[in-house]
Amino acid sequence: MRYIQVKRMLLEHIASLKPHDRLPSRTVLSETYQAARTTIERAVSELIGEGVLYARDGSGTYVSDAAGLNQGSGAAGRTWGLLIPDILHYIYPGILRGVSDVASEGDVNLIVCHTDNDYPKQTRHLRKLIDTGVDGIVVVPAITGTVDMSPFYELQAAGVPFVFCHRMLEGIQAPRVISNNFYAGYIAAKHLLANGCERIGYISRPVYSASSERYQGFVCALAEANVPVRGEWVAFEPTFEPAGEGYESALRMLRGAEKPDGLFCFNDGIAKGACDAAREAGLSVGKDIRVVGCDNTNICDTMPVPLTSVKFPTYEMGAQAARLLLDGALDGSRTVVLQPELIVRGSSAAT
């Protein structure tokens, strides 16, 4: 990956030149950047292919008229990448807005890539961003498929700074701005307990870092109240597919001889499925069973009984991650943890 570092340094040098200025010879560039001649050739060839440079036979390599439009470096030409699962769903619009506002403030262009939470897509996007010569990346890591950490090592080798947002990837040292998922589960369960629930279940997406942390917070709150965690009232959904999530798991719990009187759901989509199941079972949401979701999406106010939900400071998450890039605060051990709050509505309020 040495040629990518050389390419970035060349772009910084080109930013100080005018169109049609001549680039130093390959020998001089090799000595300047302490790189092999083949490495210099590859970096220059890619810049020619991208239209940043052009060659004249027997004369040398020159800066093109379009160089200023194509460069990913320089005060007026910086570009960041943002990798998010889906711009339209859950907390990601808020994260996008936070990153976008800080990027605009810093006169930085922003490339938004959707991963659909898929590791192979994430890898492809990251490698394209490296080749594009971006100056930094904010990443909400993917969670499905076979874990692939190689592109993050490639980012480090290429000298491209990146910041994890909302969650992190174990084994990769980078700054991160994350949600306190443990506290989300804790305050949701405490709220259900405070509103008279004694038999509380948890329905989640498949096991990964966030679902496990929310479950741990849920368990901690029940343990403090000496309320047992019942295995038959804990469900981790088999897939990440949003269609119908939460419905079957809740229906199984509510068909038992003894039913839960409270449910904490990993997200609002699962909570909606759980509420649909409760109504099918003849239960009144907010009275016979209290339900709390997570993410505070627009689902909450569109349900027949408005949904109580844990709200994450999504805008602040995106803005703080971008601010770390903008300010160059890129200590790999730095962790910023943002606290959620509970937004109480009819699905869990005491009568």
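Okay, let's start with some rings: Tyr202, Tyr215, Phe218, Phe236 and Phe264 are linked into a cluster by ring pairs. A pair here means rings of Phe, Tyr or Trp (for Trp, the six-membered ring) with centres within 6.5 Å.

Quick housekeeping. This is a predicted model, so local features need pLDDT of at least 70, side-chain atom pairs count only at pLDDT 80 or more, and totals for chains, interfaces and linings use all residues. Residues are numbered from 1 along each chain as its sequence is written, and side-chain values use heavy atoms, with hydrogens and water left out.

Back to the rings. How many aromatic pairs does a search of the whole structure find? It finds 13. Take Tyr202 and Phe264: their ring centres are 5.4 Å apart and their planes sit at 25°, so this pair is stacked. Stacked is for planes under 30 degrees apart, edge-to-face is over 60, and the rest are tilted. Tyr202 is in strand 8 (residues 200–204) and Phe264 in strand 10 (residues 262–265), so to speak a link across 62 residues of chain. Strands are DSSP runs of E, at least two residues, while helices are runs of H or I, at least four, and both are numbered from the N terminus.

Buried means under 20%, exposed over 50%, and partly exposed in between, using a 1.4 Å probe and protein chains only.

Another pair is Tyr208 with Phe266, and that one is edge-to-face, with 6.0 Å centre to centre and 65° between the planes. Tyr208 counts as buried at 12%, and Phe266 does too at 4%.

Now over to the helices. Helix 1 (residues 2–14) packs against helix 3 (residues 37–49) at about 55°, with the axes 9 Å apart. Axes are lines fitted to C-alpha atoms over the stretch in contact, and angles run from 0 to 180 degrees between N-to-C directions. That makes the two helices oblique: under 35 degrees is roughly parallel, over 145 roughly antiparallel, 65 to 115 roughly perpendicular, and oblique is the rest.

Let's zoom in on Leu10, which lies in helix 1 and is buried at 0% relative accessibility. Leaving out residues up to four places away in sequence, Leu10 touches Leu23, Leu29, Tyr33, Ala43, Val44 and Leu47, where contact means heavy atoms within 4.5 Å.
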